[in-house]
Amino acid sequence: MTSKAAIYPPLPLPNEMTQFFWDGCQARKLMILRCKGCGRYIHYPRPVCNGCLSTDLAPAEVSGEATLYGYTVAMQAFHPYFADKLPYTLALVELVEQAGLRLTTNIVDVPEAELTTGMPVRLVWREVAPDLVLPMFTKAAS
Ligand SMILES: [Zn+2]
């Protein structure tokens with residue numbers, strides 16, 4: 001009798017700076033660091049606002065509305081977890097909250113032929129492993 005161990009995806013390693021983001025994912029809230037001084041969103045999280053140099057930053061929930069900035073369709077698995085998920089779409093989406101505010105993610109449930117940069121996309125949550133919920137995006141209803 002053989003048993004098949006679950007293959008986990010590469011797991012995030014939260015640190016003091018990024019813990020809020022992963023906690024938000026578990027709660028299915030997309031949290032982005034925001035400057036309390038000038039209101040600018042900052043991603044990836046860092047300790048100083050690159051707009052006004054304030055260190056008074058706090059996570060804020062964003063809408064989950066975005067546009068597709070760029071994408072690539074992965075045809076080969078670089079990790080065993082992805083072997084049965086091919087092809088899948090890696091993407092950079094720009095959140096509507098701020099020009100240039102981009103998040104690395106996956107596009108799901110959209111055939112490659114329908115993907116175009118600039119298309120509206122919306123947030124969907126996917127549980128990819130026990131205790132790991134990730135923000136992904138799909139075509140926004142038109
Ligand atoms: Zn600022």
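**Exercise 1. Which domains does the assignment give, and how far apart are their C-alpha centres?**

Solution. The domain assignment gives domain 1 (16-61) and domain 2 (63-142). Such bounds come from an automatic or database assignment. The C-alpha centres of the two domains lie 21 Å apart. This is a predicted model: local features need pLDDT of at least 70, side-chain atom pairs count only at pLDDT 80 or more, and totals for chains, interfaces and linings use all residues. Residues are numbered from 1 along each chain as its sequence is written, and side-chain values use heavy atoms, with hydrogens and water left out.

**Exercise 2. Describe the interface of domain 1 and domain 2.**

Solution. Start with contacts (heavy atoms within 4.5 Å). Here 15 residues of domain 1 touch 17 residues of domain 2. Next, take the buried area, the accessible area (1.4 Å probe) that two parts lose on being put together, summed over both. It is about 1,300 Å², with 64% from carbon and sulfur atoms. Arg28, Leu30 and Tyr41 supply 46% of the area that domain 1 buries against domain 2, more than any other three residues.

**Exercise 3. Which atoms hold the zinc ion, and why is the arrangement tetrahedral?**

Solution. Look for donors (N, O and S atoms within 2.8 Å of the metal, or 3.2 Å for Na, K and Ca; water is not among the atoms, so sites may look incomplete). The protein donors are the SG atoms of Cys35, Cys38, Cys49 and Cys52, 2.3 to 2.4 Å from the zinc ion. Their spacing along the chain is C-x2-C-x10-C-x2-C. Now check the angles. Four donors count as tetrahedral if all angles lie between 85 and 135 degrees. Here the angles are 101 to 115 degrees, so the arrangement is tetrahedral.

Key
Tetrahedral: all angles 85-135°; square planar, octahedral: opposite > 155°, others 65-115°.
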